[in-house]
Amino acid sequence: MGEETVSKNFIEQIIEKDLAEGKCETVCTRFPPEPNGYLHIGHAKSILLNYGLAQKYHGKFNMRFDDTNPTKERVEFVESIKEDIKWLGADWEDRLFFASDYFEQMYEAAIKLIKKGKAYVCDLTAEQIREYRGTLTEPGKESPYRNRSVEENLELFQNMKDGKYADGEKVLRAKIDMTSPNINMRDPILYRVAHMTHHNTGDKWCIYPMYDFAHPIEDAIEGVTHSICTLEFEDHRPLYDWVVRELEYPHPPKQIEFAKLYLTNVVTGKRYIKKLVEEGIVDGWDDPRLVSIAALRRRGFTPESIKMFVDLCGVSKAQSSVDYAMLEYCIREDLKLKRPRMMAVLDPVKLIIDNYPEGQIEYLDVDNNLENEALGKRKVPFGRELYIDREDFMENPPKKYFRLFPGNEVRLMNAYFVKCESFVKDGDGNVVEIHCTYDPETKCGTGFTGRKVKGTIHWVAAQTAKKVTVRLYENIIDEEKGVYNPDGSLNLNPNSLTVKECYVEPELACAKPYDSFQFVRQGYFCADSHDSKEGAPVFNRIVALKSSFKLPKQQ
């Protein structure tokens with residue numbers, strides 16, 4: 001048998017070709033977010049892709065904040081991004097960089113371009129620059145300032161740096177080709193005047209480089225070999241290559257584009273999330289109904305589940321959307337063997353076993369996870385009065401209903417058979433008590449082989465149960481109507497959050513933030529990191545137990 005062949009994605013094929021041809025000796029990748037918001041699930045794909053490639057080829061992974069635009073950037077975002085990336089397991093070691101660390105080198109690079117006759121200071125307004133740029137079908141027009149002498153450009157650029165001009169009064173532009181079919185090559189702006197305080201450099205600078213100029217310089221300075229970005233930068237690649245070529249870097253980095261990760265029926269736009277936060281519809285950028293990485297972590301998703309999801313999505317050049325159900329499939333797959341299965345009653349009704357000794361509590365041995373013996377057993381208290389889920393009793397059941405109804409017998413999970421003898425209703429016709437008798441011979445684990453029952457229901461003992469708050473989530477978007485209304489506003493689901501007070505077995509009251517469990521028959525739940533207090537956890541439902549989602553068959 002030969003070795004199993006593993007198909008490589010197109011980026012891996014490019015890297016392996018570059019290594020084989022000696023274009024680079026080692027691989028260096030980077031993740032370069034702008035610190036102007038929280039990262040979301042799409043960024044997780046980019047982080048794990050870049051880090052994974054560095055790991056696979058025994059190279060380096062750099063973390064760099066692209067902080068060239070002080071108008072939107074905040075230290076809060078810097079810290080949240082670092083926390084997210086660490087949580088995902090991408091280790092930048094000692095290579096944490098800021099684009100602003102290189103402002104001096106970028107300024108020197110601009111001087112070099114001016115001296116080579118490849119950049120000029122332009123006095124046109126932003127509107128005039130747009131007019132002169134032309135369209136997709138018509139070439140652009142040269143700026144009347146395009147042919148200033150090198151000396152004049154150097155002096156004007158120095159004056160820009162020295163704060164002698166108002167914002168927008170002058171810009172530095174590359175001198176490339178106003179007739180290029182690629183609009184990005186029609187003398188793009190390299191520097192603009194902006195009298196703003198920067199989170200990292202304070203008031204040292206009043207000119208700031210544009211992203212398209214700064215990014216290739218950052219990559220080249222850091223020795224990045226493969227600059228991996230999303231498809232919207234494909235048309236910017238000629239400009240990226242122009243910058244590194246004109247600045248004569250000895251080992252120019254290579255830009256490669258891949259398709260973004262789009263999830264159906266979710267909100268990732270910063271503008272929309274900001275509005276949801278400001279209007280109090282969600283309780284912050286990490287509200288568990290959002291898909292920011294912080295929100296997924298708070299809801300109870302694990303780094304392993306997100307990595308599995310990213311791996312299943314794959315890497316391609318083709319834009320496509322992925323169903324949110326696939327992300328839910330991944331968290332179920334990750335947690336099903338790792339977490340204990342506990343009993344929690346979300347819609348409680350009292351069940352009384354009339355022939356069980358009053359005041360007696362016995363402790364039953366219960367497996368923590370039937371599919372994973374390594375998780376061991378625990379003791380669960382059982383008594384005369386229990387809570388069961390309201391849906392596990394019906395006065396007049398349909399056919400094939402095997403749970404409790406008058407005269408029927410079921411197994412109480414891990415305990416005994418009970419038979420429904422009667423029930424009590426309140427003045428509104430709601431069932432408030434179910435009365436049963438139990439058969440002591442049928443205790444779970446004693447090897448009872450007598451009669452069989454078709455239904456098993458879960459429960460908690462009323463005397464020892466703990467009351468906790470549980471949050472059940474649905475998509476924040478009304479999926480039937482789509483994400484956006486005709487006016488561009490969001491189609492919000494009014495039932496995206498349901499809060500319940502429920503009863504759980506006593507051990508669950510000790511849950512710490514981020515502890516997660518399977519609640520039998522209800523789904524996977526995680527103790528909320530914001531609102532849980534010692535002895536009083538608040539549980540977020542991560543995901544329900546069942547799904548119609550199936551992995552597509554491998555070709």
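Buried means under 20% relative accessible area, exposed over 50%, and partly exposed in between, with a 1.4 Å probe and protein chains only. At 15% relative accessibility, Leu-231 therefore counts as buried.

The structure on display is a predicted model, in which local features need pLDDT of at least 70, side-chain atom pairs count only at pLDDT 80 or more, and totals for chains, interfaces and linings use all residues. Residues are numbered from 1 along each chain as its sequence is written, and side-chain values use heavy atoms, with hydrogens and water left out.

**Confidence**

Colour the chain by pLDDT, the predictor's confidence in each residue, from 0 to 100. The chain averages 93, and 97% of the residues score at least 70. Where pLDDT is low, the predicted coordinates should not be read in detail.

**Leu-231**

Select Leu-231, in the loop between β8 (226–230) and α8 (237–246). Helices (H or I, at least four residues) and strands (E, at least two) are DSSP runs, numbered from the N terminus. Neighbours within four places in sequence aside, Leu-231 is in contact with Glu-257, Phe-258, Ala-259, Lys-317 and Gln-319. Leu-231 and Gln-319 are 88 residues apart in sequence, yet their C-alpha atoms are 8.6 Å apart in space.

β1 and β2 run parallel and are joined by four bridges; two strands pair if DSSP finds at least two bridges between them. Arg-30 stands opposite Asn-62 in β2.

Of the 16 residues of α2, 12 are buried, so the helix is largely enclosed by the rest of the structure. Among them are Ile-41, Lys-45, Asn-50 and Tyr-51. After α2 comes His-58, with a positive phi near 55°.

**The largest nonpolar core**

A nonpolar core is a set of buried Ala, Val, Leu, Ile, Met, Phe, Trp, Tyr and Cys residues joined through side-chain atoms within 4.5 Å. The largest has 40 residues, and those with the most contacts inside it are Ile-41, Ile-85, Leu-263 and Phe-309. The elements giving two or more residues to this core include α2 (41–56), β2 (60–65), α3 (75–88) and α12 (324–335). α12 gives the most, with seven residues.

Centre on Ile-85, which touches Phe-31, Leu-39, Ile-47, Met-63, Ala-90 and Trp-92, not counting residues up to four places away in sequence. Apart from this core lies another, of 34 residues, among them Ile-353, Tyr-387, Ala-415 and Ala-465.

**Trp-87**

Select Trp-87 in helix α3. With residues up to four places away in sequence not counted, Trp-87 touches Ile-293, Arg-297, Phe-301, Thr-302, Pro-303 and Ile-306.

**The seven-stranded sheet**

Finally, show the open sheet of seven strands, in the order β12-β25-β26-β27-β23-β24-β13 and with mixed pairing. β12 (341–342) and β13 (344–345) stand at the edges with a single partner strand each, so one side of each is left without a neighbour in the sheet. Within the sheet, β23 (residues 466–473) and β27 run parallel and are joined by three bridges. Thr-469 stands opposite Val-538 in β27.

How values were computed. Contact means heavy atoms within 4.5 Å.
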